[in-house]
Amino acid sequence: MSLRARILTILALCAVSIFFLFPRTVTTRVRGANGVFHEDTVRKVPLQEGLDLKGGTYLALEVNDSAQTIPADKKADAIDRALKTVRTRIEGYGVSEPIVQKQGNDRIVVEIPGIQDPTRARKLVQEQAFLQFMITDKSQALERALPRLDQVVKQRGLLAKVPGAAAATPTPANKGLQGLLTTADTSKANDSTKKAGAAASKDSAANDSLKLQAGGAFSSLFQQGSMPGEFYVESDKVAQLQDFLADSAVQAALPPGKTLLPSTDSASLQGKWYRAWYLVDSKPIITGEYLTNARPAQSPTGEGPIVEFEMDNVGGRRFRTETGRHIQDYMAIVLDGRVMGRPPVIESAIGTRGQITMGGKSLADAQDLALVLRAGALPVPLRVAEQQVIGPSLGADSVNKGMRAMIISVALVIIIMIGYYRFSGVLAVGGLILYMLYTLATLAGFNAVLTLPGIAGFVLSIGMAVDSNVLIFERIREELARGKTVRTSIDEGFRHAMPAIVDSNVSTILTAAVLYQFGTGAVKGFAVTLIAGIVASLVTSIFVVRTFYLLWLNRSRGAQTLSI
Amino acid sequence: MFRILHDTKYDFIKYWKTAATGTIAFIILGMILLGVHAARHNGHALNYSVEFTGGSTMQLQFAKAPPADAVRNAVDQAGYAGAEVTTFGDPKDFLVKVQAKEGAATAVNADSVGAEIARILAVRLPDNPAKIGRTESVGASVGNELTTKAITAILISFIVTLIYLAIRFEWRFGLAATIATMHDILTTMAFLAMMRLEISLTVVAALLTVIGYSLNDTIIIFDRVRENLKKQRKESLRDVLNRSINETLPRSVLTHVTVFAATMALLIFAGEVIRPFSWIMAFGVFTGTFSSIYVAGAILLWIERKWPRTTTPENKGAARALSEGRKRERPTPVGTP
């Protein structure tokens with residue numbers, strides 16, 4: 001390669017590097033403090049910082065198979081489908097540069113920069129958001145089945161467990177979006193003309209509650225509610241009821257084709273809190289799969305935030321037919337197995353549009369619910385296997401300290417190299433500066449994430465990058481000591497140092513590749529930095545510094561001595 | 001031309017017995033310490049981070065240094081009596097580590113644990129509020145999986161290196177280099193035990209970097225050996241080794257100095273979060289240099305004696321060098337400095 005071509009190559013590499021590192025304007029959709037999205041533009045160097053540097057929340061999710069066993073191949077497939085849903089939800093959440101990735105076969109990694117409310121983030125990704133519309137029972141099926149259920153509970157000896165069950169916390173195991181709804185809220189579905197929803201009963205539980213039946217362990221839990229299929233259970237005893245329902249014999253004794261579901265609704269009566277339960281048809285009249293849109297809004301009647309939803313034509317048709325068949329029935333809106341508020345009565349057929357009232361909750365909660373409904377249901381429940389939250393000040397502190405270590409490390413290496421190799425040391429330092437430029441550009445070009453271990457790796461690599469130069473310079477010295485001319489010594493020096501440089505660097509790249517393959521998060525970032533650094537150091541020490549030498553040899557024709 | 005250690009003729013190999021005794025003593029001391037730690041910390045020989053054991057870590061940052069027992073008490077009161085409470089680099093920073101329950105798949109919610117502790121502290125130390133710098137929670141099953149992964153990563157990197165060196169050099173060199181690498185891991189473990197550093201994923205990364213660095217160093221020397229063997233001098237392998245180490249000495253010194261300078265910059269200036277990483281790298285520079293000379297070199301000599309090469313046209317020089325070495329009862333030293 002001619003000298004001119006060499007110089008042009010180096011300049012081209014520099015130009016590409018500067019292009020990759022040049023600060024550019026990035027536009028992101030950000031949710032402001034008032035909960036409304038707006039476009040935000042920032043100008044920054046396009047180097048992605050890891051969560052440990054900019055602060056934020058990291059979640060690793062996996063399939064929750066504690067309730068049922070899921071075979072491995074099904075799990076992998078479920079994770080693939082869940083990935084899409086989680087991604088849509090996180091991207092809709094409105095933070096800049098979130099990361100949602102599959103890790104291995106069975107894990108989803110979510111990184112949300114800047115979010116300091118991990119509980120909300122967890123809720124957002126874990127909510128299964130399986131929406132169903134179910135008709136409540138009007139045939140008094142539960143009342144008729146109660147004697148049988150009492151008998152089953154007695155036979156199975158479930159009552160023996162009661163003290164333990166009663167001591168258990170009344171908090172339901174499934175915490176989800178029901179937390180969004182307050183005690184007093186009601187849910188209703190209605191079409192744009194509000195034929196159905198307005199009739200939501202205002203009756204309080206106090207009006208006509210009566211003990212259904214004394215004696216039986218199962219039936220004594222229930223009090224008749226104010227509408228068909230509605231029952232009140234003391235909040236303290238919800239855990240006990242859930243224990244009973246967990247038993248397969250109890251499940252078998254429930255009225256066929258019916259399901260008993262808890263509500264998000266609670267009511268207070270004579271100083272005691274009651275939770276509403278509903279007996280509904282097991283087969284939903286329609287599910288959320290037909291949902292095309294959902295958006296948060298303020299209720300025009302001043303009941304606070306609501307979520308309006310729309311269904312596609314197929315869903316709308318089906319919804320209309322089904323609700324038409326169930327005029328004067330009550331329709332429960334069930335999200336993840338929990339009835340949202342009190343079921344409204346259906347007064348006439350409902351079309352493609354409806355709404356869910358959020359009770360006293362905030363607009364942000366309505367936004368989250370709309371978001372998860374829009375993104376669709378998760379095919380499987382997910383659990384958080386790993387969680388990290390890094391405060392923004394800690395991240396900024398890490399960046400500052402890392403930068404300081406880097407500057408000092410560079411300064412020391414420059415002093416050592418120039419102090420020892422003099423003129424040749426200056427060439428090596430020139431190479432080192434290009435090395436840093438190329439490495440950072442490679443990281444930016446490959447969209448690699450810069451983490452704190454990554455910065456440490458980079459600082460370390462500055463010390464190691466000069467190794468190839470040192471090897472070459474020592475060889476040149478040996479050749480000069482044998483009395484060869486300057487030009488020959490340089491040529492021979494580069495040639496002889498080559499095998500050692502290649503072998504040692506390739507073996508390090510192999511180690512880094514293993515690290516990349518098996519590492520996670522921060523370690524992966526470290527491996528990428530290491531590999532980018534090695535490649536850049538090979539380019540600069542072998543090619544760039546060689547060119548510097550050639551340039552110098554051309555300028556000082558017939559140089560007899562070399563400062564090395 | 002300013003030169004250090006130019007044209008030296010130290011007989012490095014002569015001291016291999018002293019070196020071996022020293023390093024074995026160091027490793028044994030480390031293992032004894034591991035035993036002591038295991039007895040003291042109910043079975044946990046190494047100080048693993050929650051990434052490996054499962055559990056939660058939170059870093060609390062105070063405005064000014066609080067009394068350590070106040071933090072301890074607050075943690076106890078929050079219901080985490082078994083938690084480990086330590087300062088983190090600065091007396092103002094505290095690290096609270098709660099172990100996961102055996103077999104727990106789901107991560108404990110560290111932010112709520114941290115918030116609870118911070119709330120109690122706010123009552124106890126009203127004029128010295130604590131901020132939560134970071135929290136981390138890992139389910140125990142994830143931790144177990146990670147341990148397996150880390151060990152797999154190290155083993156695979158061994159095999160990959162062995163294969164690469166076997167192709168580029170010869171299996172004897174590959175084996176010697178791999179044994180030297182194992183030595184580095186053992187000494188680093190001993191060092192970890194002595195410093196009781198927390199083993200996180202970043203530390204595993206540092207360990208792998210040390211392996212890479214040490215291997216680098218070994219390869220530079222072996223490359224010289226390979227080259228000198230081709231020159232067909234009438235030298236024993238021992239002399240060739242000594243000569244190669246001496247010839248690469250200026251390079252070794254200079255590279256180790258620059259890497260050590262970078263490591264020191266990290267250790268002193270890069271802060272507490274990355275400190276375990278920096279310590280391991282600092283130690284790695286020493287153990288890597290040592291093992292390249294005294295472990296890789298000595299083991300190579302031993303392997304060559306045990307499984308001598310057969311003569312082929314390509315390695316005539318090497319074979320002769322080796323047979324010369326075997327013929328002589330006591331090889332004469334190349335020279336004294």
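Two residues are in contact here if their C-beta atoms, placed from the backbone, lie within 7 Å. The structure is a predicted model with chains A and B in contact, chain B giving 57 residues and chain A giving 56 residues.

- Chain A has 564 residues, of which 47% count as buried.
- The secondary structure of chain A consists of 14 helices and 19 strands.
- In chain A, 74% of the contacts between residues at least 6 apart in sequence join residues at least 24 apart.
- Chain B has 337 residues, and 48% of them count as buried.
- Eleven helices and four strands are found in chain B.
- Of the contacts in chain B with a separation of 6 or more, 78% come from residues 24 or more positions apart.

**The side of chain B that touches chain A**

- Chain B contributes 57 residues to the contact, and chain A contributes 56 residues.
- On chain B, at least two residues each come from α4 (110-124), β4 (130-138), α5 (140-168), α7, α9 (249-269) and α10 (275-306).
- The element that gives the most to this side of chain B is α9(B), with 13 residues.
- By class, the side of chain B that touches chain A holds 33 nonpolar, 16 polar and eight charged residues.

**A helix pair across the contact**

- Two packed helices are described by the angle between their axes and the distance between the axes.
- Helix α13 of chain A, residues 486-518, packs with helix α7 of chain B, residues 201-230, at an angle of about 160 degrees.
- The axes of α13(A) and α7(B) are 9 Å apart.
- Angles over 145 degrees count as roughly antiparallel, and α13(A) and α7(B) are therefore roughly antiparallel to each other.
- The crossing of α13(A) and α7(B) is right-handed.
- The contact of α13(A) with α7(B) comprises nine nonpolar, six polar and two charged residues.

**A sheet built from both chains**

- Strands of a sheet pair through backbone hydrogen bonds, either parallel or antiparallel.

- Eight bridges link the antiparallel strands β4(A), residues 56-63, and β18(A).
- Tyr58(A) has Gln388(A) in β18(A) as its bridge partner, and Leu59(A) has Gln387(A).
- β4(A) also pairs with β6(A), in the antiparallel sense, over seven bridges.
- In β6(A), Glu111(A) stands opposite Tyr58(A).
- A residue is buried if 20 or more other C-beta atoms lie within 10 Å of its own; eight of the eight residues of β4(A) are buried, so this strand is largely enclosed by the rest of the structure.
- Strands β5(A) and β6(A), the latter spanning residues 107-113, run antiparallel and are joined by five bridges.
- Lys102(A) stands opposite Ile108(A) in β6(A).
- The hairpin of β5(A) and β6(A) has three residues between the strands, and Gly104(A) in this hairpin takes a positive phi near 65 degrees.

**A residue in another strand of chain A**

- Arg353(A) lies in strand β17 of chain A, residues 353-357.
- Arg353(A) counts as partly exposed because 17 C-beta neighbours lie inside 10 Å.
- Arg353(A) and Leu221(A) are 132 residues apart along the chain, and their C-alpha atoms are separated by 37 Å.

Note on methods. Residues are numbered from 1 along each chain as its sequence is written. Chains are lettered from A and ligands numbered from 1 in the order in which they are written. This is a predicted model: local features need pLDDT of at least 70, side-chain atom pairs count only at pLDDT 80 or more; totals for chains, interfaces and linings use all residues. Axes are lines fitted to C-alpha atoms, for helices over the stretch in contact, and angles run from 0 to 180 degrees between N-to-C directions. Angles under 35 degrees count as roughly parallel, over 145 as roughly antiparallel, 65 to 115 as roughly perpendicular and the rest as oblique. A crossing is left-handed if the near helix is turned anticlockwise from the far one by less than a right angle, and right-handed if clockwise. Ala, Val, Leu, Ile, Met, Phe, Trp, Tyr, Cys and Pro count as nonpolar, Asp, Glu, Lys and Arg as charged, and the others, Gly among them, as polar. A residue is buried if 20 or more other C-beta atoms lie within 10 Å of its own, exposed if 12 or fewer, and partly exposed in between; C-beta atoms are placed from the backbone. Two strands pair if DSSP finds at least two bridges between them.
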